[in-house]
Amino acid sequence: MSTPEDTTPNEPHERMTPGERHERMTPGAPLQGATPATPQTTTTSPQHDSHLRADCAIDIDGRITFRLPPIPGSHPQLLLRLRPRKGRPETTRHLIDLETDGSDGHRHAVLEPHPVLDEGRWDVYLLPEPGAERRRLRPGLRDLRSLVDGHLRDRPAPVAVRIPYATKDGFLALRAWRRTAHAEARAIDVTDEAMTVTARLHGAELRADATVRLRLRGTDTVRTLRPWTDDDARGFSFAVAPGDLADDGGGAARVWDAFVRPTAGAPPVRVGRLLDDVADRKHVYVYPAIETGGSALRPYYTVDNDLAIEVT
């Protein structure tokens, strides 16, 4: 199902029905080759591509190093542009100086962990000289190995994530998230009777009165569940059965967004999966449905990698 919150004019994606997604993708597992754990290469022939390529590597602190071939100009820079929503003006940019690497003339630039990038998609350009026309860059080698097990490290608030990726049209971009707190979904187990989510809270701690809140998108309707919590006040799990989302008064298809409230009165924290090397998860991780009483319940990840439950 595609809803206003699940689609974005910034990054076109293939539209498929739930049945088509189920037939074309392995339930509950990533598509083959979709989660690279080693640097990726590109096979485009340089003589057929006039765009420069930039290698990049990211470390466990979120620091990204970009490397480019020799570039003419006395003061070249990288320009990162926060991609505006459709019909909105471009307002947010970030410039980084490109330094020369020794005698071979190659250039490098380092994007430090701070300042934290605003949440969204950042396109990467070369600015040959101040005031010159910017040039879009294509990805070269992308070393994302430090991100693969990122879910194993507890993150302080604010939780900031950056993932270099290739856009649908083959250009280099960064996917960034910045949240006061984040609940990382580690596993989703779907049986014939219920789905069970195992997650870990980052940037906050769970109290004895913590609750999981499923909110019907576009309404004020909320279903509240009591999670099982770990002794460290970070790990938790919860189960959702079809009966928990019945009689919601919705239409033929509706979507419930998943949150955890660490304690009564605290802001709800979105449940999702951000802490690895997958920039766009929606069409990579596809889960089977629980079918009962003529309806189906299926967990999925939105275009922002947040967890939702579709009921049809």
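Student: What share of the 312 residues in the protein chain is buried?

Tutor: This is a predicted model, in which local features need pLDDT of at least 70 and side-chain atom pairs count only at pLDDT 80 or more, while totals for chains, interfaces and linings use all residues. Residues are numbered from 1 along each chain as its sequence is written, and side-chain values use heavy atoms, with hydrogens and water left out. Buried means under 20% relative accessible area, exposed means over 50%, and partly exposed lies in between (1.4 Å probe, protein chains only). Among the 312 residues of the protein chain, the buried share is 47%.

Student: How many strands does the protein chain have?

Tutor: Helices (H or I, at least four residues) and strands (E, at least two) are DSSP runs, numbered from the N terminus. The protein chain has one helix, and its number of strands is 22.

Student: Of the contacts in the protein chain with a separation of 6 or more, what percentage is between residues 24 or more positions apart?

Tutor: A contact means heavy atoms within 4.5 Å. Among contacts with a separation of 6 or more, the part made by residues 24 or more positions apart is 65%.

Student: Which residue in β6 does E99 stand opposite?

Tutor: β5 and strand β6 (residues 106-111) are antiparallel and pair over three bridges. Opposite E99, the residue in β6 is H108.

Student: With which side chain does the side chain of D123 make a polar contact at 2.7 Å?

Tutor: A polar contact is a pair of N or O atoms within 3.5 Å; within protein, one must be able to donate a hydrogen and the other to accept it, and residues adjacent in sequence count only if both atoms are side-chain atoms. D123 is found in strand β7 (residues 120-127), and a polar contact at 2.9 Å joins its side chain to that of R136. For the polar contact at 2.7 Å, the partner is the side chain of R83.

Student: Why does D123 count as buried?

Tutor: Leaving out residues up to four places away in sequence, D123 touches several others, including L79, L80, T167 and L172. D123 counts as buried because its relative accessibility is 1%.

Student: Which strand supplies the largest share of the lining of the second largest cavity?

Tutor: On a 1 Å grid over the protein atoms alone, a cavity is a set of points where a 1.4 Å probe fits but cannot get out, and lining residues have an atom within 4 Å of a point. The residues lining the second largest cavity include P113, V116, R162 and W177. β10 (159-166) and β11 (172-179) each supply at least two residues of this lining. The largest share, three residues, comes from β10.

Student: About how much space lies in the second largest cavity?

Tutor: Grid points are joined across faces, edges and corners, and a volume is the space filled by probe spheres set on the points. A search of the whole structure finds two cavities of 30 Å³ or more. The second largest cavity holds about 40 Å³.

Student: Which residue's backbone oxygen does the side chain of R162 reach at 2.8 Å?

Tutor: R162 is in strand β10 and is buried, with a relative accessible area of 8%. The C-alpha atoms of R162 and G62 are separated by 6.5 Å, although the two residues are 100 residues apart along the chain. A polar atom of the R162 side chain lies 3.3 Å from the backbone oxygen of G62. The backbone oxygen reached at 2.8 Å belongs to E112.

Student: How many residues of strand β13 are buried?

Tutor: β13 is antiparallel to strand β12 (residues 182-190), with eight bridges joining them, and the two form a hairpin with four residues between them. Over six bridges, β13 also pairs in the antiparallel sense with strand β17 (residues 235-240), where A199 stands opposite F236. Strand β13 (residues 195-202) is mostly covered, and of its eight residues the number buried is six.

Technical notes
Pairing = 2+ DSSP bridges. 1 Å grid on protein atoms, 1.4 Å probe; cavity = no way out; pocket = protein on both sides within 12 Å on 5 of 7 lines; lining within 4 Å.
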